[in-house]
Each structure stands twice: as C-alpha cells, then as structure tokens.
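Please prepare a briefing on the structure shown below.

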Amino acid sequence: METRESRRQRGAPTILDVAKHAGVSAMTVSRVFNDEQSVRPATRDKVRKAIAALNYAPSAAARALAGGDEMRLCLLFSNPSNSFLSELLMGSLEQASRHNALLAVEKLAEGMSVEMIIQHLQRGRINGIVLPPPLCDSPEMLDALKAASIRTVTVAASHPSPDLAAVNIDDRLAAMVMTRHLIALGHRRIGFVKGNPAHNSSERRYAGYLAALEEAGLPVIPELVAQGLFNYRSGLDAAEHLLDLDEPPTAIFAGNDDMAAAAVAIAHGRGLDVPGDVTICGFDDTSLATTIWPELTTIHQPISDMARTAVDLLVQDLRQRGEAEEVPHVLLDTKLVRRQSDAAPRRRPRKR
C-alpha cells in the first residue's frame, strides 16, 4: 500500500501539500473533493487552484479521508455521432474523476433489449446513469431504470421528465440564431440537413430553421431540406442531393458538425469554394469543426459542460439519496461561433 512517505519520495504531491499551498486544512481539501456545500466558494476556488497547480491526484487514502462511498456511474449511449460521444465522454470522465467515482461506458447495442442492459448494469453494481439522446427520450428505458432504482440524469432530452434531473440546451432557439445569421448575410435559398429522426433534437433544430424563415417572410422550399442521420455518411448523401438541384442552395445549414464536414467534402470534390460558392455551417462545435478546412461556423453546444453538469447532479443525488426537495433541470447557453465557412452569397454555386 502506498504511503504518504513513498509519495513524497517519488515527488508526488499529497493532500497535505495541497492544503499547505491553499492555506487551508487537509480536512477542508477533503470536503472539496467530497463536494460538500459547507465549504465557502472562495475557499473552494483556492483549493481547486492548488490542485491544478500541483497536478494532484487523490490517493486511496485521500478518498478514505474524504469519507465518501465508492460510486459506480455509467454513461449509457446508443448511436450518437462520434464527435458528440467524444465530447460527452471527455466531460463525464473528467468530472467523475473529480468526484472519485468510477465511470463505466456502455452501449445499448443493436439487438440488445432494455431488460438485458438493465440486468448488465445491476450485475456491475451501477448506482447512477448519465443518459444522452436518443435513450433519454425512450419511455421504455426511463421506466426500466426507475423500476430498477437506478438514479438517472438525462442529457439533451426533448421533454425532460419532471422527476428526473436533466441538463439541456434550447435547440430550437439555437437553430433560429444560425438561420437568422445566414439570412442576415443575404442568403435566401438555405438548405437544411436534418438529423436522425430517432433524436428529438433533430426536429427541434428543424423547427428553429422553419421559424427563422417564417420570421423573415421567406418561403419553405421542401427540396432544400435533406434527411440525414447525424453521421458523416448521411451528410455526404444529403449534400449530394442539395448540390444536384437545378438551383442549388447558396448556404447549407447541417444539423450537426459531422454532416456539415461531409457537405464541405462534397463541395470541394465538385470544385466549389467554401464559402465563396456555398456557405456551410454546422451545429455542436465539436473538435471536428476546427480540424477541417475551412473551419466551420457552427453553434457551440457545451457538450462537455453538459456532461460535467450531469455527473455533478448525479453525484449530488446519490449523496442525498434522492431526498432533495426539488429535481434540478439545468439549461445551458449556446452561442454562434463564426469561423471561415460562411460568407455573403457572392455568386450562384456552380454545378460540377
């Protein structure tokens, strides 16, 4: 078993080092790790800064001092986009680590029933679930988790259950903001790539697109709407359809960054300049948005922050043993991030 002396010998900081650096007691550091509300915000901030400065990772002894039981959490997902899952996973792992909780990552694979995954979670002694779309909108899944007494926090649910903690954004408003931006640039033929119909966020984003067109007095043109699935392959097909039109759109707003990146690839393959010939924008602001050229103008959805908040709510719920007076529903802000993939329509896109 590793002792404090052995940690010192190899140069690793201890909880006492953190306490000394922050000017507080070791018990106060433990309370911060255990997320106790009795610690003043200013003190909590000092401790967190000391942890970051020393690159401190709590040992098993420190976790014992914190006094918290081991928590087993799970991120349970089913077929989100790879970029979305990556951001969600990063935030969940980071926050679970801060709470000294174990985080399992499980996929509801094709052919696996809800009963099968619940039994698997119970065998793994999972205490709580972070549930992203589309599972967060599945009544069957939510009912099964409740019946199994597995505490759950939903992420990006279309209609959050009043008795489950939830973290959300306003997808409809965010899509309105992007569509208004394209209209303000001078675009009138704006293509839209819908996401997976199994995800209710797809319809909310489409509703925002329609609302912005109506607000501006622009007609809804059915041929400018293409169906996607929130993955790159479907974005390729949707972009092919839109750019094959006799009068292609001057702008394409895709329901997520994966499909927007695919649209950029199709445009480049046809010899079109982005954004000179066609503006292409996305939604989510995942890492993909800044790893393609041109970098995507997109809606920043704070996916990692949503995951961190979900883990925080789940840990708090488990520690309070579900006895909180109110079930928290947190709405996080989005913002339009403008990069290099949008511009005013300078000329009609050329078909290749």
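Helix α10 lies across β6, β7 and β9, and runs at about 165 degrees to β6. Touching here rests on contacts, meaning heavy atoms within 4.5 Å; axes are lines fitted to C-alpha atoms, for helices over the stretch in contact, and angles run from 0 to 180 degrees between N-to-C directions. Helices (H or I, at least four residues) and strands (E, at least two) are DSSP runs, numbered from the N terminus. This is a predicted model, in which local features need pLDDT of at least 70, side-chain atom pairs count only at pLDDT 80 or more, and totals for chains, interfaces and linings use all residues. Residues are numbered from 1 along each chain as its sequence is written, and side-chain values use heavy atoms, with hydrogens and water left out.

- The open sheet has six strands in the order β7-β6-β8-β9-β10-β12, with mixed pairing; two strands pair if DSSP finds at least two bridges between them.
- Strands β7 (225–227) and β12 (335–337) stand at the edges with a single partner strand each, so one side of each has no neighbour in the sheet.
- From one strand to the next, the twist averages 20 degrees.
- Helix α9 (residues 171–185) also packs on this sheet, where it touches β6, β8, β9 (279–284), β10 (297–300) and β12. The direction of α9 makes about 165 degrees with that of β9.

**Strand β6**

- Five of the five residues of β6 are buried (under 20% relative accessible area, with exposed over 50% and partly exposed in between; 1.4 Å probe, protein chains only). The strand is therefore largely enclosed by the rest of the structure.
- In a regular strand the side chains alternate between the two faces of the sheet.
- I190, F192 and K194 point one way from β6, while G191 and V193 point the other way.
- β6 and β7 run parallel and are joined by three bridges. V193 has A226 of β7 as its bridge partner, and K194 stands opposite Q227 in β7.
- β6 and β8 also run parallel, with four bridges between them. G191 has I252 of β8 as its bridge partner.

**Aromatic pairs and charges over rings**

- A pair of aromatic rings is described by the distance of the centres and the angle of the planes.
- Four aromatic pairs are found in a search of the whole structure. Rings of Phe, Tyr and Trp (its six-membered ring) pair if their centres lie within 6.5 Å; planes under 30 degrees apart count as stacked, over 60 as edge-to-face and the rest as tilted.
- The ring centres of F192 and Y206 are 5.7 Å apart and their planes are at 35 degrees, so this pair is tilted. The pair links distant parts of the chain, 14 residues apart: F192 is in strand β6 (residues 190–194) and Y206 in helix α10 (residues 200–215).
- Both F192 and Y206 are buried.
- F192 and F253 make an edge-to-face pair, with 5.3 Å from centre to centre and 85 degrees between the planes. F192 is in β6 and F253 in strand β8 (residues 251–254), so the pair ties together parts 61 residues apart in sequence.
- F253, like F192, is buried.
- Ring pairs link F192, Y206, Y209 and F253 into a cluster.
- K194 lies over the face of Y206, 4.3 Å from the ring centre. The criterion is NZ of Lys or CZ of Arg within 6 Å of the ring centre and within 35 degrees of the ring normal.
- The charged end of R205 sits over the ring of F283, at 3.8 Å from its centre.

**The parallel sheet**

- Another open sheet has six strands in the order β2-β1-β3-β4-β5-β11, with parallel pairing.
- Its edge strands are β2 (102–107) and β11 (329–331), each of which pairs on one side only.
- The twist averages 20 degrees from one strand to the next.
- Strands β1 (residues 72–77) and β3 (residues 128–131) run parallel, joined by three bridges, and L75 stands opposite V130 in β3.
- Helix α6 (residues 82–98) packs on the sheet and touches β1, β2 and β4 (151–155), its direction making about 175 degrees with that of β1.
- Helix α8 (residues 139–147) lies across β1, β3 and β4, at about 165 degrees to β3.

**Whole chain**

- The chain has 13 helices and 12 strands.
- Of its 352 residues, 54% count as buried.
- Among contacts between residues at least 6 apart in sequence, 73% join residues at least 24 apart.
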